[in-house]
Amino acid sequence: MSGDIRETKECQVKDPMDLFHSGQVVKICAPMVRYSKLAFRTLVRKYNCDLCYTPMIVAADFVRSAKARDSEFTTNKGDHPLIVQFAAKEAQVLCDAARIICPFADGIDLNCGCPQRWAISEGYGACLINKPELVKDMVRHVRSQIDNPKFSVSIKIRIHEDLKRTVDLCQKAEAAGVSWITVHGRSIEERHQPVHYDAIKIIKQSMSIPIVANGDIKTLKDAENVHHLTEADGIMVARGLLANPAMFAGYEETPFQCIQDWVDIALEHGTPFTCFHHHLMYMMERITSKQEKKVFNVLSSTSAVLDYLNDHYGV
């Protein structure tokens with residue numbers, strides 16, 4: 001956290017809520033484990049992404065360990081507006097994490113949507129949608145302990161089978177002072193089933209704060225369609241941006257300029273090889289043949305990847 005982060009102290013914390021008041025649909029890069037790190041956030045911001053989230057960070061580890069802070073979070077002057085997503089199950093631990101991060105980010109998000117077994121067994125993620133009083137308490141605590149009124153506090157949720165319970169959760173969070181709510185339109189059990197956009201619309205109509213729609217959005221056209229279906233104030237994208245980081249700029253598939261930008265940014269940030277390579281595999285998925293993938297996906301060094309891109313694409 002130390003190197004890049006210090007220079008951020010001088011930069012003005014932005015108010016993410018200004019985006020929601022702009023009259024435009026807010027285009028958001030989702031929190032993705034391993035992937036929505038600083039280098040990738042830098043890339044998508046070049047292609048019309050309005051707001052970026054960090055990968056989910058376990059608040060208790062972040063508060064307890066300087067090592068965890070250094071490895072889990074890096075930022076720089078251009079990395080704004082930025083939301084840091086935390087996994088937490090205790091109000092004071094979330095507040096302590098928010099206080100540490102406050103000078104360097106524009107808001108925090110409480111993860112109430114991660115369906116992974118480890119998260120749920122630890123009391124994190126999607127199990128929180130069944131604990132509305134705890135969520136309300138956590139939001140209220142952060143609101144009361146962070147002095148900066150521009151610092152946002154949001155939550156990201158999944159839906160219940162009984163939507164009344166989801167609306168109740170959202171209304172309790174709104175009463176506690178939550179800034180906006182991101183709704184992934186699937187239940188905890190659902191993985192690849194169709195997204196319930198109708199449920200997101202009902203939640204939107206029941207609230208007076210901004211609602212962000214999330215789930216299965218792969219192109220700018222999808223984003224526009226989901227906005228019309230749900231009336232959401234923002235659209236959050238995960239895998240669609242991995243496959244095409246220029247998606248929000250209207251590109252149907254990853255342009256070569258975007259691949260070039262990723263190479264430049266990743267090298268400049270000292271991105272570890274596995275992460276550098278994985279991002280390229282996602283970006284080139286739609287523009288390479290099966291044969292090319294076989295060769296490209298087993299390359300094992302940065303220099304081999306750079307040679308391949310240069311020889312085949314002039315990148």
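Tutor: We begin with contact, which means heavy atoms within 4.5 Å. This is a predicted model, in which local features need pLDDT of at least 70, side-chain atom pairs count only at pLDDT 80 or more, and totals for chains, interfaces and linings use all residues. Residues are numbered from 1 along each chain as its sequence is written, and side-chain values use heavy atoms, leaving out hydrogens and water.

Student: Which residues does Glu 253 touch, not counting residues up to four places away in sequence?

Tutor: With that exclusion, Glu 253 touches Asn 244, Arg 286 and Ile 287.

Student: Is Met 32 buried or exposed?

Tutor: Buried means under 20% relative accessible area, exposed over 50%, and partly exposed in between (1.4 Å probe, protein chains only). Met 32 is buried because its relative accessible area is 7%, whereas Arg 239, at 48%, counts as partly exposed.

Student: Which residues does Arg 239 touch?

Tutor: Leaving aside residues up to four places away in sequence, Arg 239 touches Met 32, His 192 and Asp 216. Under that exclusion, the contacts of Met 32 include Phe 40, Pro 55 and Leu 242.

Student: Where does UniProt place the feature "binding site"?

Tutor: UniProt positions follow the numbering used here, feature names are shortened, and annotations may be inferred rather than shown by experiment. The unreviewed UniProt entry places this feature at Pro 31, Met 32, Val 33, Gln 85, His 184, Ala 238 and Arg 239.
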